[in-house]
Amino acid sequence: MSPIFDCRDEAELLTGMRQARQAIGRGDLVVIPTDTVYGVAADAFNAAAVARLLAAKGRGRQSPPPVLVAGLATLRALVAEVPEPVERLVEEFWPGGLTIVLPAQPSLSWDLGDTRGTVAVRMPAHRLALELLEETGPLAVSSANLTGMAAGITAEDAQEMLRDSVAVYLSDGPSKTGVASTIVDATSLVGGAEPQVRVLREGAVDRARLREVLGDLLEPDPGAETDAGGEPATSVTEEAAPPAEPDRP
């Protein structure tokens, strides 16, 4: 069985982080703690490693993983544009539990799956995750579980499900909240005819907090807006948005 390193112990922390960096460099998978739930990570620019991540979870290319980054500078390198409202979201909620979907930088040589030209990006608020990201660069990270099962909130939970498909497990005790990130689709802010931010999944950041930052740029709350006939009014079709992975970290 692949080892678990208890990163609350200084000796295990040093060994575990070294082995995690080496595993990522080889194209292997690593389970890491984040501020939401535990995640299974792979080099975002290694297509074989990303495919290995999806296979370990029992997912297909139609469920591309999000990418964790160490800060705004990396976000700017990965996406086509960072609109001013997204800068406000980043300032307010990063590092933290908000994943933002934007058009990907078209010049990037990577293959995360069927992304429809987008990428979902988050900066986690966890010291170990950030330290690893600073050393490895962007990581494709999905929640550390098998598809259809609850997201792992401990490294042991993840190991029970993912076993030897993961090379190294880094433990930092139970996740503080166990609540996955909120995912918002901001793609229409980049050249869209009707700019609007959509909530693809509610999680760690609620709609009220998002509205404080975005105002009317945030889609109407469910059931809050109706058309003249009394039916819910929508301005963005479901088909226009990238798929939201239910158990993203």
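Where does serine 181 sit? A few friendly notes on this predicted model follow.

1. Serine 181 belongs to the loop that runs between strand E8 (168-171) and strand E9 (182-185).

2. Two neighbours of serine 181 deserve a look on your screen. Its side chain makes a polar contact, at 2.8 Å, with the side chain of threonine 99. Glycine 203 lies 22 residues away along the chain, yet the C-alpha atoms of serine 181 and glycine 203 are separated by 5.0 Å.

3. Next, helix H4, which spans residues 84-93. Its buried residues are Pro85, Val86, Leu89, Val90 and Phe93. These residues lie on the same side of H4, because the arc they cover around the axis is only 145 degrees. Among the elements covering them are helix H3 (72-78), strand E5 (98-103) and helix H7 (207-214).

4. Finally, the pair formed by helix H1 (residues 10-26) and helix H5 (residues 127-136). Their axes are 11 Å apart and the packing angle is about 45 degrees, so H1 and H5 are oblique to each other. The crossing of the two helices is right-handed.

Conventions
Residues are numbered from 1 along each chain as its sequence is written. This is a predicted model: local features need pLDDT of at least 70, side-chain atom pairs count only at pLDDT 80 or more; totals for chains, interfaces and linings use all residues. Side-chain values use heavy atoms; hydrogens and water are left out. Buried means under 20% relative accessible area, exposed over 50%, partly exposed in between (1.4 Å probe, protein chains only). Helices (H or I, at least four residues) and strands (E, at least two) are DSSP runs, numbered from the N terminus. The arc is that of the directions from the helix axis to the C-beta atoms. Contact means heavy atoms within 4.5 Å. A polar contact is a pair of N or O atoms within 3.5 Å; within protein, one must be able to donate a hydrogen and the other to accept it, and residues adjacent in sequence count only if both atoms are side-chain atoms. Axes are lines fitted to C-alpha atoms, for helices over the stretch in contact, and angles run from 0 to 180 degrees between N-to-C directions. Angles under 35 degrees count as roughly parallel, over 145 as roughly antiparallel, 65 to 115 as roughly perpendicular and the rest as oblique. A crossing is left-handed if the near helix is turned anticlockwise from the far one by less than a right angle, and right-handed if clockwise.
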